[in-house]
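Work through the exercises below with the sequence and the structure in view. Each task is followed by a solution in steps.

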Amino acid sequence: MKFDIISASGTTATEIDIRKLVIAGWAGRDKEKMEHHIQELEALGVARPKTTPTFYRASAVRLTTTAEIEELGDASSGEVEPLLIRHDGALFIGVGSDHTDREVEAYGVSVSKQMCAKPVAAQLWPLDEVADHWDELVLRSWIDTPTGRALYQEGSVASLLDPRDTLAKFEAEQVFGDGTAMLCGTMPAIGGIRSSGHFIAELEDPILGRKIGFGYRVSSLPIMG
């Protein structure tokens, strides 16, 4: 995949061979907000997790920077998450969407993670440039609704586990080597989880005055049986 690595020294176009995709579910640091998100999903029929965080696997090819994805039916929706990638021994941070089929999620979370594309921004920051002010970073997402564009998610990443803590929990059992990408958890949806044909998201660093953003449209494929 092609990424622009944006650092204090400039922007470098980089090809990264993503070979493993991990999705960290239930990765909240703020227990109250995580409980709220668990209850959101329980309302959709998703079973409460046995352990937190839970590390789901999906095919690496699901990760994409495309501006349009195709999904079966109209029951899928996006959720903004930090994206962690290891490349040439270094860690980089970006932003993506754990787009998920909510009907399938109700009976099989792992299956639902594998079903949908995972759109991400094509820009990354070196993690060490934001590590000392990580909790100041802000995630936001918007969706299109019948009455116009609406703010869908917004909050500090302080509500999530620090990615280095998430990584340490993962590496207690598995290797997070070069070419591994991890979506690192999300926050509750404003007004509840719902589908939209257009999802927009960003990660803001107010300390260094920069943002990474992306958006994608969702085309619904017919379910024939």
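**Exercise 1. Phenylalanine 170 and its partner**

Task: State whether phenylalanine 170 is buried or exposed, and describe its aromatic pair with phenylalanine 55.

Solution. 
- Step 1. Phenylalanine 170 has a relative accessibility of 1% and counts as buried. Buried means under 20% relative accessible area, exposed means over 50%, and partly exposed lies in between, with a 1.4 Å probe and protein chains only.
- Step 2. The model is predicted: local features need pLDDT of at least 70, side-chain atom pairs count only at pLDDT 80 or more, and totals for chains, interfaces and linings use all residues. Residues are numbered from 1 along each chain as its sequence is written, and side-chain values use heavy atoms, with hydrogens and water left out.
- Step 3. Rings of Phe, Tyr and Trp (its six-membered ring) pair if their centres lie within 6.5 Å; planes under 30 degrees apart count as stacked, over 60 as edge-to-face and the rest as tilted. The count by this rule is five aromatic pairs.
- Step 4. One of them joins phenylalanine 55 and phenylalanine 170, with 5.2 Å centre to centre and 75° between the planes, which is edge-to-face.
- Step 5. Phenylalanine 55 belongs to strand β4 (residues 54-58) and phenylalanine 170 to helix α4 (residues 163-171), so the pair ties together parts 115 residues apart in sequence. Helices (H or I, at least four residues) and strands (E, at least two) are DSSP runs, numbered from the N terminus.
- Step 6. Phenylalanine 55 is partly exposed, at 23% relative accessible area.

**Exercise 2. A stacked pair and a charge over a ring**

Task: Describe the pair of phenylalanine 214 and tyrosine 216, and find the ring under lysine 113.

Solution. 
- Step 1. The rings of phenylalanine 214 and tyrosine 216 are stacked, 6.2 Å centre to centre with 15° between the planes.
- Step 2. Both residues are buried: phenylalanine 214 has a relative accessible area of 12%, and tyrosine 216 has 0%.
- Step 3. Phe214 and Tyr216 form one aromatic cluster together with Tyr152 and Phe199.
- Step 4. Lysine 113 lies over the face of tyrosine 56, at 5.9 Å from the ring centre. A charge sits over a ring if NZ of Lys or CZ of Arg is within 6 Å of the ring centre and within 35 degrees of the ring normal.

**Exercise 3. The sheet of eight strands**

Task: Give the strand order of the open sheet of eight strands, then name the strands that α4 touches.

Solution. 
- Step 1. The order is β2-β1-β12-β9-β8-β15-β3-β4, and the pairing is mixed. Two strands pair if DSSP finds at least two bridges between them.
- Step 2. At the edges stand β2 (10-15) and β4, each with a single partner strand, so one side of each has no neighbour in the sheet.
- Step 3. On average, neighbouring strands of this sheet are turned by 30° against each other, direction ignored. Axes are lines fitted to C-alpha atoms, for helices over the stretch in contact, and angles run from 0 to 180 degrees between N-to-C directions.
- Step 4. Strands β1 (residues 2-7) and β12 (residues 123-126) run parallel and are joined by two bridges. Aspartate 4 stands opposite glutamine 123 in β12.
- Step 5. Helix α4 packs on the sheet and touches β3 (20-25), β4, β8 (80-87), β9 (90-97) and β15 (180-183). Contact means heavy atoms within 4.5 Å. The direction of α4 makes about 65° with that of β8.
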